[in-house]
Amino acid sequence: MKILIVDDFSTMRRIIKNLLRDLGFTNTQEADDGSTALPLLKSSDFDFLVTDWNMPGMTGIELLKAVRADEKLKSLPVLMVTAEAKREQIIEAAQAGVNGYVVKPFTAQALKEKIEKIFERVDA
Amino acid sequence: MTKDAHHESLVSYAKQLVAELESGESHNAMQTIANLHNKRDHMLFQEVGRLTRSLHESIKNFAIDTGNSRVQEEMSRMEDASQRLSFVIEKTEYAAHTTLDKVESIMPVSSLLGDNARTIKAEWDKLMRREMTADEFRKLSKQVDTFLTMAAKDTQVIESNLSDILMAQDFQDITGQVIKRVIQLVKEVEESLVAMVAMAGAVDRITGIRHEDLPDLEQKANHGCEAEGPIISPEKREDVVSGQDDVDALLSSLGF
(Lines give C-alpha, C1' and ligand atoms only; values in the text may rest on other atoms or scores of the structure.)
Protein backbone atom coordinates (compact mmCIF):
# COMPACT_ATOMS: atom_id res chain seq x y z
CA MET A 1 0.00 0.00 0.00
CA LYS A 2 1.65 3.17 -1.25
CA ILE A 3 0.20 6.47 -0.05
CA LEU A 4 0.81 10.06 -1.17
CA ILE A 5 0.33 12.81 1.43
CA VAL A 6 -0.22 16.31 0.01
CA ASP A 7 -0.18 19.34 2.32
CA ASP A 8 1.66 22.66 2.13
CA PHE A 9 2.59 22.48 5.84
CA SER A 10 5.37 20.02 6.57
CA THR A 11 4.24 19.55 10.18
CA MET A 12 0.79 18.43 9.04
CA ARG A 13 2.42 16.02 6.56
CA ARG A 14 4.50 14.57 9.41
CA ILE A 15 1.47 14.21 11.68
CA ILE A 16 -0.50 12.38 8.98
CA LYS A 17 2.55 10.27 8.14
CA ASN A 18 2.91 9.23 11.80
CA LEU A 19 -0.78 8.42 12.15
CA LEU A 20 -0.66 6.34 8.96
CA ARG A 21 2.41 4.50 10.28
CA ASP A 22 0.50 3.67 13.47
CA LEU A 23 -2.24 2.23 11.26
CA GLY A 24 0.36 0.03 9.60
CA PHE A 25 0.91 2.09 6.44
CA THR A 26 4.64 2.66 6.27
CA ASN A 27 5.08 3.30 2.55
CA THR A 28 4.28 7.00 2.23
CA GLN A 29 5.54 9.87 0.13
CA GLU A 30 4.93 13.59 0.43
CA ALA A 31 4.17 16.54 -1.86
CA ASP A 32 3.53 20.16 -0.92
CA ASP A 33 0.79 21.03 -3.41
CA GLY A 34 -1.27 19.67 -6.29
CA SER A 35 1.16 20.65 -9.01
CA THR A 36 4.00 18.65 -7.45
CA ALA A 37 1.64 15.80 -6.49
CA LEU A 38 0.10 15.22 -9.91
CA PRO A 39 3.32 14.25 -11.76
CA LEU A 40 4.23 11.94 -8.83
CA LEU A 41 0.82 10.27 -9.06
CA LYS A 42 1.12 9.90 -12.82
CA SER A 43 4.64 8.51 -12.81
CA SER A 44 4.26 6.12 -9.88
CA ASP A 45 1.76 3.56 -8.64
CA PHE A 46 0.09 5.05 -5.58
CA ASP A 47 -2.83 3.22 -4.00
CA PHE A 48 -4.20 6.08 -1.96
CA LEU A 49 -4.11 9.88 -1.88
CA VAL A 50 -4.51 12.04 1.22
CA THR A 51 -4.73 15.74 0.37
CA ASP A 52 -5.33 19.14 1.95
CA TRP A 53 -7.61 21.62 0.14
CA ASN A 54 -6.06 25.05 0.57
CA MET A 55 -2.55 25.07 -0.93
CA PRO A 56 -0.61 27.54 -3.04
CA GLY A 57 -0.25 26.60 -6.69
CA MET A 58 -2.70 23.79 -7.33
CA THR A 59 -5.33 23.27 -4.62
CA GLY A 60 -6.59 19.93 -3.35
CA ILE A 61 -9.95 20.24 -5.09
CA GLU A 62 -8.20 20.96 -8.40
CA LEU A 63 -5.95 17.95 -7.78
CA LEU A 64 -9.00 15.78 -7.07
CA LYS A 65 -10.65 16.92 -10.31
CA ALA A 66 -7.42 16.32 -12.26
CA VAL A 67 -7.14 12.82 -10.77
CA ARG A 68 -10.73 11.97 -11.68
CA ALA A 69 -10.18 13.30 -15.22
CA ASP A 70 -7.07 11.16 -15.74
CA GLU A 71 -7.65 7.78 -17.37
CA LYS A 72 -4.97 6.03 -15.29
CA LEU A 73 -5.78 7.71 -11.96
CA LYS A 74 -9.55 8.10 -12.08
CA SER A 75 -10.33 5.29 -9.60
CA LEU A 76 -7.62 6.24 -7.07
CA PRO A 77 -9.18 6.56 -3.58
CA VAL A 78 -8.86 10.16 -2.33
CA LEU A 79 -9.24 11.34 1.26
CA MET A 80 -9.46 15.06 1.86
CA VAL A 81 -8.02 16.27 5.18
CA THR A 82 -8.66 19.99 5.43
CA ALA A 83 -9.65 22.98 7.53
CA GLU A 84 -12.12 24.01 4.81
CA ALA A 85 -15.50 23.62 6.48
CA LYS A 86 -18.07 25.32 4.26
CA ARG A 87 -21.01 23.10 3.36
CA GLU A 88 -20.77 24.09 -0.29
CA GLN A 89 -17.12 22.99 -0.32
CA ILE A 90 -17.93 19.57 1.11
CA ILE A 91 -20.69 19.22 -1.48
CA GLU A 92 -18.28 20.29 -4.23
CA ALA A 93 -15.71 17.72 -3.09
CA ALA A 94 -18.38 15.02 -2.96
CA GLN A 95 -19.54 15.91 -6.48
CA ALA A 96 -15.94 15.86 -7.68
CA GLY A 97 -15.72 12.28 -6.43
CA VAL A 98 -13.90 12.45 -3.10
CA ASN A 99 -13.93 9.18 -1.12
CA GLY A 100 -13.75 10.73 2.34
CA TYR A 101 -13.62 14.15 4.00
CA VAL A 102 -11.95 14.83 7.35
CA VAL A 103 -12.07 18.34 8.83
CA LYS A 104 -9.14 19.74 10.80
CA PRO A 105 -8.62 19.67 13.68
CA PHE A 106 -9.13 15.91 13.56
CA THR A 107 -8.46 12.98 15.87
CA ALA A 108 -6.36 9.90 15.10
CA GLN A 109 -9.57 7.92 15.53
CA ALA A 110 -11.46 9.96 12.90
CA LEU A 111 -8.65 9.53 10.38
CA LYS A 112 -8.50 5.79 11.07
CA GLU A 113 -12.27 5.35 10.67
CA LYS A 114 -12.39 7.21 7.35
CA ILE A 115 -9.44 5.30 5.92
CA GLU A 116 -10.89 1.95 6.96
CA LYS A 117 -14.27 2.88 5.52
CA ILE A 118 -12.70 3.85 2.21
CA PHE A 119 -10.84 0.56 1.93
CA GLU A 120 -13.94 -1.46 2.86
CA ARG A 121 -15.72 0.18 -0.06
CA VAL A 122 -12.82 -0.15 -2.46
CA ASP A 123 -12.47 -3.84 -1.60
CA ALA A 124 -16.23 -4.51 -1.79
CA MET B 1 -6.30 75.98 16.72
CA THR B 2 -9.36 74.06 17.94
CA LYS B 3 -12.38 73.18 15.87
CA ASP B 4 -14.45 75.84 17.68
CA ALA B 5 -11.84 78.48 17.03
CA HIS B 6 -11.86 77.53 13.35
CA HIS B 7 -15.62 77.76 13.34
CA GLU B 8 -15.54 81.20 14.97
CA SER B 9 -13.03 82.54 12.48
CA LEU B 10 -15.19 81.19 9.62
CA VAL B 11 -18.21 82.98 11.10
CA SER B 12 -16.27 86.22 11.48
CA TYR B 13 -15.03 86.03 7.86
CA ALA B 14 -18.59 85.38 6.70
CA LYS B 15 -19.93 88.35 8.67
CA GLN B 16 -17.13 90.51 7.29
CA LEU B 17 -17.95 89.34 3.76
CA VAL B 18 -21.65 90.21 4.13
CA ALA B 19 -20.74 93.64 5.56
CA GLU B 20 -18.29 94.31 2.71
CA LEU B 21 -20.78 93.23 0.04
CA GLU B 22 -23.54 95.36 1.54
CA SER B 23 -21.32 98.42 1.67
CA GLY B 24 -20.12 97.80 -1.92
CA GLU B 25 -16.45 97.12 -1.08
CA SER B 26 -16.18 94.42 -3.75
CA HIS B 27 -12.37 94.42 -3.82
CA ASN B 28 -12.20 93.76 -0.08
CA ALA B 29 -15.01 91.22 -0.44
CA MET B 30 -12.94 89.25 -2.99
CA GLN B 31 -10.04 89.27 -0.55
CA THR B 32 -12.31 87.98 2.23
CA ILE B 33 -13.58 85.18 -0.06
CA ALA B 34 -9.93 84.25 -0.72
CA ASN B 35 -9.30 84.29 3.05
CA LEU B 36 -12.30 82.03 3.60
CA HIS B 37 -10.98 79.71 0.92
CA ASN B 38 -7.52 79.59 2.55
CA LYS B 39 -9.10 79.01 5.93
CA ARG B 40 -11.00 76.01 4.59
CA ASP B 41 -7.86 74.54 2.97
CA HIS B 42 -5.92 75.16 6.14
CA MET B 43 -8.50 73.26 8.23
CA LEU B 44 -8.45 70.32 5.85
CA PHE B 45 -4.66 70.21 5.74
CA GLN B 46 -4.45 70.37 9.49
CA GLU B 47 -6.94 67.56 9.93
CA VAL B 48 -5.28 65.35 7.30
CA GLY B 49 -1.90 66.16 8.83
CA ARG B 50 -3.12 65.21 12.29
CA LEU B 51 -4.48 61.89 11.03
CA THR B 52 -1.31 61.15 9.10
CA ARG B 53 0.78 61.85 12.19
CA SER B 54 -1.31 59.57 14.36
CA LEU B 55 -1.14 56.84 11.73
CA HIS B 56 2.60 57.29 11.55
CA GLU B 57 2.84 57.21 15.35
CA SER B 58 0.88 53.98 15.56
CA ILE B 59 3.19 52.37 13.00
CA LYS B 60 6.28 53.72 14.75
CA ASN B 61 5.05 52.55 18.16
CA PHE B 62 4.77 49.07 16.78
CA ALA B 63 7.98 47.90 18.39
CA ILE B 64 8.34 44.87 20.58
CA ASP B 65 10.02 44.77 23.93
CA THR B 66 10.57 41.56 25.78
CA GLY B 67 12.81 40.96 28.76
CA ASN B 68 15.06 38.63 26.80
CA SER B 69 17.85 40.62 25.17
CA ARG B 70 18.50 38.01 22.49
CA VAL B 71 14.85 38.06 21.47
CA GLN B 72 14.87 41.84 21.64
CA GLU B 73 17.78 41.96 19.25
CA GLU B 74 16.06 39.52 16.96
CA MET B 75 12.89 41.59 17.17
CA SER B 76 14.51 44.93 16.54
CA ARG B 77 15.40 43.70 13.07
CA MET B 78 11.80 43.07 12.29
CA GLU B 79 10.14 46.25 11.37
CA ASP B 80 6.79 45.36 9.98
CA ALA B 81 3.81 43.26 10.86
CA SER B 82 4.15 40.72 8.08
CA GLN B 83 7.73 40.01 9.13
CA ARG B 84 6.51 39.56 12.68
CA LEU B 85 3.83 37.16 11.58
CA SER B 86 6.38 35.23 9.51
CA PHE B 87 8.42 34.99 12.70
CA VAL B 88 5.35 33.47 14.42
CA ILE B 89 5.06 30.90 11.63
CA GLU B 90 8.75 30.04 11.97
CA LYS B 91 8.57 29.72 15.76
CA THR B 92 5.45 27.55 15.73
CA GLU B 93 6.80 25.42 12.89
CA TYR B 94 10.06 24.90 14.73
CA ALA B 95 8.21 23.92 17.91
CA ALA B 96 5.97 21.51 16.01
CA HIS B 97 8.96 19.86 14.32
CA THR B 98 10.90 19.62 17.59
CA THR B 99 7.90 17.99 19.25
CA LEU B 100 7.43 15.59 16.34
CA ASP B 101 11.16 14.69 16.41
CA LYS B 102 10.99 13.88 20.10
CA VAL B 103 7.76 11.91 19.77
CA GLU B 104 9.23 9.93 16.90
CA SER B 105 12.32 9.09 18.94
CA ILE B 106 10.27 8.08 21.99
CA MET B 107 7.85 5.82 20.13
CA PRO B 108 10.20 2.95 19.18
CA VAL B 109 11.83 3.02 22.66
CA SER B 110 8.47 2.82 24.36
CA SER B 111 7.13 0.13 22.06
CA LEU B 112 10.27 -2.01 22.53
CA LEU B 113 9.90 -1.70 26.31
CA GLY B 114 6.30 -2.87 25.97
CA ASP B 115 7.24 -5.78 23.72
CA ASN B 116 9.95 -6.97 26.13
CA ALA B 117 7.64 -6.62 29.14
CA ARG B 118 5.00 -8.74 27.40
CA THR B 119 7.57 -11.43 26.49
CA ILE B 120 8.83 -11.61 30.08
CA LYS B 121 5.29 -11.60 31.46
CA ALA B 122 4.49 -14.72 29.41
CA GLU B 123 7.55 -16.46 30.80
CA TRP B 124 6.80 -15.23 34.31
CA ASP B 125 3.26 -16.64 34.11
CA LYS B 126 4.81 -19.98 33.22
CA LEU B 127 6.96 -19.76 36.34
CA MET B 128 3.93 -18.90 38.48
CA ARG B 129 2.13 -21.95 37.12
CA ARG B 130 5.22 -24.00 38.08
CA GLU B 131 5.65 -25.08 34.48
CA MET B 132 9.24 -23.93 34.22
CA THR B 133 12.38 -26.05 33.98
CA ALA B 134 15.57 -25.02 35.77
CA ASP B 135 17.17 -24.10 32.44
CA GLU B 136 14.22 -21.95 31.47
CA PHE B 137 14.34 -20.28 34.86
CA ARG B 138 18.01 -19.37 34.42
CA LYS B 139 17.17 -17.93 31.00
CA LEU B 140 14.27 -15.94 32.49
CA SER B 141 16.48 -14.56 35.26
CA LYS B 142 18.90 -13.25 32.65
CA GLN B 143 16.02 -11.77 30.63
CA VAL B 144 14.64 -10.02 33.71
CA ASP B 145 18.05 -8.64 34.56
CA THR B 146 18.60 -7.31 31.03
CA PHE B 147 15.07 -5.89 30.96
CA LEU B 148 15.42 -4.04 34.27
CA THR B 149 18.72 -2.49 33.15
CA MET B 150 17.17 -1.51 29.85
CA ALA B 151 13.99 -0.13 31.49
CA ALA B 152 16.02 2.04 33.84
CA LYS B 153 18.01 3.46 30.93
CA ASP B 154 15.12 3.83 28.47
CA THR B 155 12.81 5.59 30.89
CA GLN B 156 15.57 8.17 31.30
CA VAL B 157 15.64 8.62 27.52
CA ILE B 158 11.85 8.98 27.50
CA GLU B 159 11.91 11.48 30.36
CA SER B 160 14.54 13.60 28.69
CA ASN B 161 12.57 13.65 25.42
CA LEU B 162 9.37 14.52 27.30
CA SER B 163 11.18 17.35 28.98
CA ASP B 164 12.32 18.61 25.55
CA ILE B 165 8.70 18.47 24.36
CA LEU B 166 7.72 20.50 27.39
CA MET B 167 10.37 23.11 26.62
CA ALA B 168 9.37 23.24 22.95
CA GLN B 169 6.10 24.86 24.07
CA ASP B 170 7.94 28.06 25.04
CA PHE B 171 7.04 29.56 21.64
CA GLN B 172 3.58 30.36 22.98
CA ASP B 173 4.87 33.15 25.19
CA ILE B 174 6.88 34.87 22.45
CA THR B 175 4.37 34.38 19.63
CA GLY B 176 1.54 35.47 21.93
CA GLN B 177 3.30 38.77 22.57
CA VAL B 178 4.07 39.32 18.89
CA ILE B 179 0.49 38.59 17.84
CA LYS B 180 -0.89 40.91 20.53
CA ARG B 181 1.25 43.70 19.09
CA VAL B 182 0.00 42.99 15.61
CA ILE B 183 -3.60 43.00 16.86
CA GLN B 184 -2.95 46.34 18.55
CA LEU B 185 -1.49 47.80 15.34
CA VAL B 186 -4.40 46.51 13.26
CA LYS B 187 -6.80 48.17 15.71
CA GLU B 188 -4.95 51.48 15.60
CA VAL B 189 -4.68 51.43 11.82
CA GLU B 190 -8.37 50.59 11.57
CA GLU B 191 -9.31 53.48 13.85
CA SER B 192 -7.12 55.85 11.87
CA LEU B 193 -8.57 54.59 8.59
CA VAL B 194 -12.12 55.03 9.86
CA ALA B 195 -11.20 58.57 10.89
CA MET B 196 -9.63 59.17 7.46
CA VAL B 197 -12.72 57.87 5.69
CA ALA B 198 -14.86 60.19 7.83
CA MET B 199 -12.46 62.99 6.96
CA ALA B 200 -12.65 62.17 3.26
CA GLY B 201 -16.45 62.23 3.59
CA ALA B 202 -16.23 65.65 5.20
CA VAL B 203 -13.92 66.85 2.42
CA ASP B 204 -16.42 65.58 -0.17
CA ARG B 205 -19.29 67.35 1.57
CA ILE B 206 -17.44 70.64 1.87
CA THR B 207 -16.06 70.60 -1.66
CA GLY B 208 -19.13 69.00 -3.25
CA ILE B 209 -17.15 66.18 -4.94
CA ARG B 210 -19.28 63.25 -6.11
CA HIS B 211 -17.88 59.76 -6.80
CA GLU B 212 -19.12 57.26 -9.30
CA ASP B 213 -20.63 54.19 -7.69
CA LEU B 214 -18.07 51.55 -6.80
CA PRO B 215 -18.39 48.16 -8.47
CA ASP B 216 -20.43 45.71 -6.44
CA LEU B 217 -18.03 43.96 -4.08
CA GLU B 218 -20.71 41.57 -2.90
CA GLN B 219 -20.86 39.96 -6.31
CA LYS B 220 -17.13 39.28 -6.27
CA ALA B 221 -17.24 37.78 -2.77
CA ASN B 222 -19.92 35.28 -3.77
CA HIS B 223 -18.05 34.07 -6.82
CA GLY B 224 -17.35 30.35 -6.85
CA CYS B 225 -16.27 28.07 -4.04
CA GLU B 226 -13.07 29.68 -2.82
CA ALA B 227 -10.88 28.16 -0.13
CA GLU B 228 -11.35 30.13 3.09
CA GLY B 229 -9.01 28.47 5.56
CA PRO B 230 -9.86 27.62 9.17
CA ILE B 231 -13.21 28.96 10.35
CA ILE B 232 -12.64 30.84 13.61
CA SER B 233 -16.24 30.98 14.90
CA PRO B 234 -18.25 28.17 13.28
CA GLU B 235 -21.09 28.68 15.79
CA LYS B 236 -21.77 32.11 14.28
CA ARG B 237 -22.05 30.81 10.72
CA GLU B 238 -24.86 28.98 8.98
CA ASP B 239 -22.84 27.91 5.95
CA VAL B 240 -20.11 25.92 7.70
CA VAL B 241 -19.97 22.58 9.50
CA SER B 242 -18.99 22.55 13.17
CA GLY B 243 -17.05 19.29 13.20
CA GLN B 244 -16.57 15.82 11.78
CA ASP B 245 -20.08 14.68 12.82
CA ASP B 246 -21.58 17.48 10.71
CA VAL B 247 -19.41 16.49 7.75
CA ASP B 248 -20.47 12.85 8.07
CA ALA B 249 -24.15 13.82 8.31
CA LEU B 250 -23.88 16.06 5.25
CA LEU B 251 -22.06 13.40 3.22
CA SER B 252 -24.52 10.70 4.21
CA SER B 253 -27.41 12.99 3.17
CA LEU B 254 -25.67 13.11 -0.23
CA GLY B 255 -25.67 9.32 -0.38
CA PHE B 256 -22.15 8.66 0.88
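## A tour of chains A and B

Select chain B to begin, and you will find eight helices and zero strands, where helices (H or I, at least four residues) and strands (E, at least two) are DSSP runs numbered from the N terminus. The model is a predicted one, in which local features need pLDDT of at least 70 and side-chain atom pairs count only at pLDDT 80 or more, while totals for chains, interfaces and linings use all residues. Residues are numbered from 1 along each chain as its sequence is written, and chains are lettered from A and ligands numbered from 1 in the order in which they are written.

In all, 22 residues of chain B are in contact with 22 residues of chain A, contact meaning that the C-beta atoms, placed from the backbone, lie within 7 Å. On the side of chain B that touches chain A, helix 4 (81-128) and helix 8 of chain B each give two or more residues, and helix 4 of chain B gives the most, with five.

Now select the strands of chain A, where five strands form an open, parallel sheet in the order 2-1-3-4-5; two strands pair if DSSP finds at least two bridges between them. Strand 2 (28-31) and strand 5 of chain A are the edge strands, each pairing on one side only. Look at strand 1 (residues 3-6) of chain A, which pairs with strand 2 of chain A over four bridges, and find A:Ile5, which stands opposite A:Glu30 in strand 2 of chain A.

Which residues of helix 4 (residues 87-96) of chain A are buried? Select A:Gln89, A:Ile90 and A:Ala93, for these are the buried ones; they lie on the same side of helix 4 of chain A because they cover an arc of only 100° around the axis, the arc being that of the directions from the helix axis to the C-beta atoms. The buried residues of this helix pack against helix 3 (60-69), strand 4 (78-82) and strand 5 (100-103) of chain A, together with helix 8 (244-253) of chain B.

Technical notes
Buried ≥ 20, exposed ≤ 12 C-beta atoms within 10 Å, placed from the backbone. Contact = placed C-beta atoms within 7 Å.
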